[in-house]
Amino acid sequence: IPEPRTMTHFNKGPSYGLSAEVKNKIASKYDHQAEEDLRNWIEEVTGLSIGTNFPLGLKDGIILCELINKLQPGSVKKVNESSLNWLQLENIGNFIKAIQAYGMKPHDIFEANDLFENGNMTQVQTTLVALAGLERERRNRFFKQEHKKQWAI
């Protein structure tokens, strides 16, 4: 009789069969040009360097928290600068809550383990592309309002 599992393990081990097929299909949709565009945008907005490994540079959640704090000041009150896994996951969770409050749609948002375990970087990328689009939309709306004010005088 196998022992019951009482805890979810972070590292689930290698995938086989259908699970591996699904992972490979998701990974094949990853867009390296979009990664480069995102890297440039995030580094420009935050003034921080992601480094050469994009997933690893974002994994602790610090740069993501800084990003949303630049877009919407005060979104993440406390950014944990720790190597402890649970504090890094807390950063990612705080980023996810903050981008929802910023206006991101829940179906566009990755789950913490998509980034933390490198589980679905395609979804992380999709989220960041959507966030960049939302930021651009908000900025354009602001400029249109300012432009209307200038001409209303």
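Is Glu 35 buried or exposed? With a relative accessibility of 13%, Glu 35 counts as buried, because the cut-off for buried is under 20%. Keep in mind that this is a predicted model. The chain has seven helices and zero strands, and 35% of its 153 residues are buried.

**The whole chain**
- Going along the sequence, you read the pattern α-α-α-α-α-α-α.
- Take the contacts between residues at least 6 apart in sequence: 50% of them join residues at least 24 apart.

**Helices α2 and α4**
- Two packed helices are described by the angle between their axes and the distance between the axes.
- For α2 (residues 32–46) and α4 (residues 62–71), the angle is about 65° and the axes are 9 Å apart.
- This crossing of α2 and α4 is left-handed.
- On the α2 side, the contact is made by Trp 41, Ile 42, Val 45 and Thr 46; α4 brings Ile 63, Glu 66, Leu 67, Lys 70 and Leu 71.
- Sorted by type, the residues of the α2 and α4 contact are six nonpolar, one polar and two charged.
- Helix α4 is mostly covered, with eight of its 10 residues buried.
- Among the buried residues of α4 are Ile 63, Leu 67 and Leu 71, which also take part in the contact with α2.
- The buried residues of α4 also include Ile 62, Leu 64, Cys 65, Ile 68 and Asn 69.

**Glu 35, back to the opening question**
- Glu 35 lies in helix α2.
- The side chain of Glu 35 has a polar contact of 2.5 Å with the side chain of Tyr 30.
- Not counting residues up to four places away in sequence, Glu 35 touches Tyr 30, Phe 54 and Gln 125.
- Leu 128 is 93 residues from Glu 35 in sequence, yet the two are 9.4 Å apart in space, C-alpha to C-alpha.

- Asn 80 is in the loop between α4 and α5 (85–102).
- Despite that loop position, Asn 80 counts as buried because its relative accessibility is 5% and the cut-off is under 20%.
- A polar contact of 2.8 Å links the side chains of Asn 80 and Lys 78.
- Leaving aside neighbours within four places in sequence, Asn 80 is in contact with Ile 62, Leu 87, Glu 90 and Asn 91; of these, Ile 62 is one of the buried residues of α4.
- Gln 88 sits in helix α5, and at 10% relative accessibility Gln 88 counts as buried too.
- With neighbours within four places in sequence left out, Gln 88 is in contact with Lys 59, Asp 60, Ser 82, Ser 83 and Phe 116.

- You'll find Asn 118 in the loop between α6 (112–116) and α7 (121–151).
- Phi of Asn 118 is near 60°, which is a positive value in a residue other than glycine.
- Asn 118 counts as partly exposed, because its relative accessibility of 47% falls between the 20% and 50% cut-offs.

Key:
Residues are numbered from 1 along each chain as its sequence is written. This is a predicted model: local features need pLDDT of at least 70, side-chain atom pairs count only at pLDDT 80 or more; totals for chains, interfaces and linings use all residues. Side-chain values use heavy atoms; hydrogens and water are left out. Axes are lines fitted to C-alpha atoms, for helices over the stretch in contact, and angles run from 0 to 180 degrees between N-to-C directions. Helices (H or I, at least four residues) and strands (E, at least two) are DSSP runs, numbered from the N terminus. A crossing is left-handed if the near helix is turned anticlockwise from the far one by less than a right angle, and right-handed if clockwise. Contact means heavy atoms within 4.5 Å. Ala, Val, Leu, Ile, Met, Phe, Trp, Tyr, Cys and Pro count as nonpolar, Asp, Glu, Lys and Arg as charged, and the others, Gly among them, as polar. Buried means under 20% relative accessible area, exposed over 50%, partly exposed in between (1.4 Å probe, protein chains only). A polar contact is a pair of N or O atoms within 3.5 Å; within protein, one must be able to donate a hydrogen and the other to accept it, and residues adjacent in sequence count only if both atoms are side-chain atoms.
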